Amino acid sequence: MNSARTSPHDMIEKCAAIILKNRKLLVVRKRGTMIFISPGGKIEPGETQLDCLRREIAEELCTEITEATSFGLFERSSALEDLTIRVHVWTTKTAQDCAPGGEIEEIRWITGAEHLPLGSVFAECVLPELVRQGLVDA
């Protein structure tokens, strides 16, 4: 592993939503990819983290966020791109059921026991912590 410090140009900053239902976590798969990731996306210039989440959830899941609480900040190598990803993760509730929209081809509700390709931050940090807290089935 390269120990050189990542330059700001090699990093993407994103916001991601934890959406839970029946002790399962919602993950999404974009068109043309095989990896499931968290709903959310890149923060646009002038946007707050919550503005970003609201926009991305409306675009990707055809619903609105009604509640959001900070879960943590995580940094890992991206599963989809050759760079580092810094993700502000929020536990959220939505106004209604989620449906694939925009660039999303598939949504899936998973437990900690699922064996599917999952983005690095959710696979290595978020999902294990949700299982540890008893919020998602193991």
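Strand E5 gives the most to the lining of the second largest pocket, with 4 residues. The model is predicted: local features need pLDDT of at least 70, side-chain atom pairs count only at pLDDT 80 or more, and totals for chains, interfaces and linings use all residues. Residues are numbered from 1 along each chain as its sequence is written, and side-chain values use heavy atoms, with hydrogens and water left out.

**Second largest pocket**

- The second largest pocket holds about 220 Å³ of space.
- Its lining has 14 residues, and the closest to the pocket centre are Ile19, Leu20, Thr92, Lys93 and Thr94.
- A pocket is an open set of points on a 1 Å grid over the protein atoms alone, where a 1.4 Å probe fits, with protein on both sides within 12 Å along at least five of seven lines; lining residues have an atom within 4 Å of a point.
- Grid points are joined across faces, edges and corners, and the volume is the space filled by probe spheres set on the points.
- Strand E1 (11–21), strand E4 (65–77) and strand E5 (84–94) each supply at least two residues of this lining.
- By class, the lining has 5 nonpolar, 5 polar and 4 charged residues. Ala, Val, Leu, Ile, Met, Phe, Trp, Tyr, Cys and Pro count as nonpolar, Asp, Glu, Lys and Arg as charged, and the others, Gly among them, as polar.

**Overall fold**

- The protein has 2 helices and 6 strands, in the order β-β-β-α-β-β-β-α from the N terminus on.
- Helices (H or I, at least four residues) and strands (E, at least two) are DSSP runs, numbered from the N terminus.
- The radius of gyration is 14 Å, which agrees with the value near 14 Å for a compact globule of 138 residues. This radius is taken over C-alpha atoms, and the globule rule is 2.2 Å times the number of residues to the power 0.38.
- Along the principal axes, the C-alpha atoms fill a box of roughly 45 × 35 × 30 Å.
- Of the 138 residues, 39% are buried. Buried means under 20% relative accessible area, exposed over 50%, and partly exposed in between (1.4 Å probe, protein chains only).
- Among contacts (heavy atoms within 4.5 Å) between residues at least 6 apart in sequence, 69% join residues at least 24 apart.

**Cysteines**

- The whole structure has 0 disulfides, a disulfide being a pair of cysteine sulfur atoms within 2.5 Å.
- Cys98 is in no disulfide, and the nearest cysteine sulfur, that of Cys62, is 8.9 Å away. Cys98 counts as buried because its relative accessibility is 14%.
- The sulfur of Cys125 is 16 Å from the closest cysteine sulfur, in Cys15, which is too far for a bond. Cys125 is buried, at 10% relative accessibility.

**Selected residues**

- Leu20 lies in strand E1 and counts as partly exposed, at 30% relative accessibility. Apart from residues up to four places away in sequence, Leu20 touches Leu25, Trp109, Leu130, Leu135 and Val136.
- Ser38 sits in the loop between strand E2 (24–30) and strand E3 (40–42), and is buried with a relative accessible area of 14%. Beyond residues up to four places away in sequence, Ser38 touches Ala16, Ala17, Val28 and Phe122.
- Glu56 belongs to helix H1 (residues 49–61) and is buried, at 8% relative accessibility. Leaving aside neighbours within four places in sequence, Glu56 contacts Gly40, Gly41, Lys42 and Leu61.
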